Amino acid sequence: MGQTQNEEFQNKVCIITGGAGSIGMESAKLMYEAGARVMLVDQDRDSLEIAKTNFKDDGRIMVCEADVSDSAQTKDYITKTITKWDKIDILFANAGFSGTSAPITNYPDDIFDKVMAVNVRGSFLACKYALPEMNNKGSIIITSSIMGVTARPGSIAYITSKHAVIGLMRGVAKEAAPRNIRVNVLAPGPVDNAFQLEIEERASKASGTNVTEMLNNWISLGRHASPQEIANTAYFLASNKSSFSTGSVFMADGGMHI
Ligand code: NAD
């Protein structure tokens, strides 16, 4: 963990969904190290148990197993957070599901629905139920993707969902602005982690090309991001360093969109 204590994060309460995953965990480490209390939410119980081992047993980490697309389970992770820590300062709606690789004409209806449920409904529910419990001057970050501002063949559900959360973010940003709660989207490019590797292996098989190589040629900086690089952007958006930014899409994509 490279981050140092930061006065503004002392006792701040953060909820991170997809908190047992790669980007969520790296972001949690930064916020925890800076002094925050962090609730990790994930559907994967085993990963949550492993995640806990990254932190000291000092009462500043909680985990909650929940499916973010479910209203009752969303209320449950919010309730558990405020029961222990009273309020919420930072919401990082980051859980995501990539779906499958297929052209739209073959894309399975049920997988489309699941991608939308996790990525869009999950972010909607997180904002809906967290906002009333948030301190004024809080920060909401929603994870989109390079696929939220561009497209390529074969990922129609993921592309649709990651565009949709930008609309969600803009609507919530307008509604939350009177309370000085900022709402932004973090849009990573391809990350060197298991989530992305699985997509690339699937897409390489479907297209008969080396998609990892193709992406590295497409990304202006010529490489994938590390999860820590994406977490640094989440940390910036959670912090007062981004105090005049709301309603914005922050690309962390190595210049892939230009
Ligand atoms: P990851 O697989 O390591 O983490 C995602 C986490 O979300 C997992 O721990 C998973 O269990 C959890 N999750 C999935 N569905 C859930 C549900 N219904 N309820 C609760 N938890 C659920 O992948 P990551 O790379 O850390 O992805 C984090 C976010 O970043 C996702 O929204 C993803 O779409 C986005 N993203 C990733 C990349 C990349 O290259 N990895 C690029 C752009 C955007």
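The shell around the ligand divides into 11 nonpolar, 12 polar and 4 charged residues. Here Ala, Val, Leu, Ile, Met, Phe, Trp, Tyr, Cys and Pro count as nonpolar, Asp, Glu, Lys and Arg as charged, and the others, Gly among them, as polar.

A word on the source: this is a predicted model, where local features need pLDDT of at least 70, side-chain atom pairs count only at pLDDT 80 or more, and totals for chains, interfaces and linings use all residues. Residues are numbered from 1 along each chain as its sequence is written, and side-chain values use heavy atoms, with hydrogens and water left out.

Back to the shell. The ligand is surrounded by 27 residues, the closest being S22, D42, Y158, V191 and N193; a residue is near if one of its heavy atoms lies within 4 Å. Helix 1 (22-33), helix 5 (156-176) and helix 6 (194-207) each give the shell at least two residues. Helices are DSSP runs (H or I, at least four residues), numbered from the N terminus.

Next, polar contacts, meaning pairs of N or O atoms within 3.5 Å. A ligand oxygen lies 3.3 Å from a backbone N or O atom of G21. For Q43, a polar backbone atom is 3.2 Å from a nitrogen atom of the ligand. The protein buries 91% of the 810 Å² that the ligand exposes when taken alone (Shrake-Rupley method, 1.4 Å probe).

Last, salt bridges: a side-chain nitrogen of Lys or Arg within 4 Å of a carboxyl oxygen of Asp or Glu. The count is 7. In one of them E26 pairs with K29, with the closest N and O atoms 3.2 Å apart. Both lie in helix 1, 3 residues apart, about one turn of the helix.

Note on methods
Polar contact = N/O pair within 3.5 Å; in protein donor to acceptor, adjacent residues only side chain to side chain.
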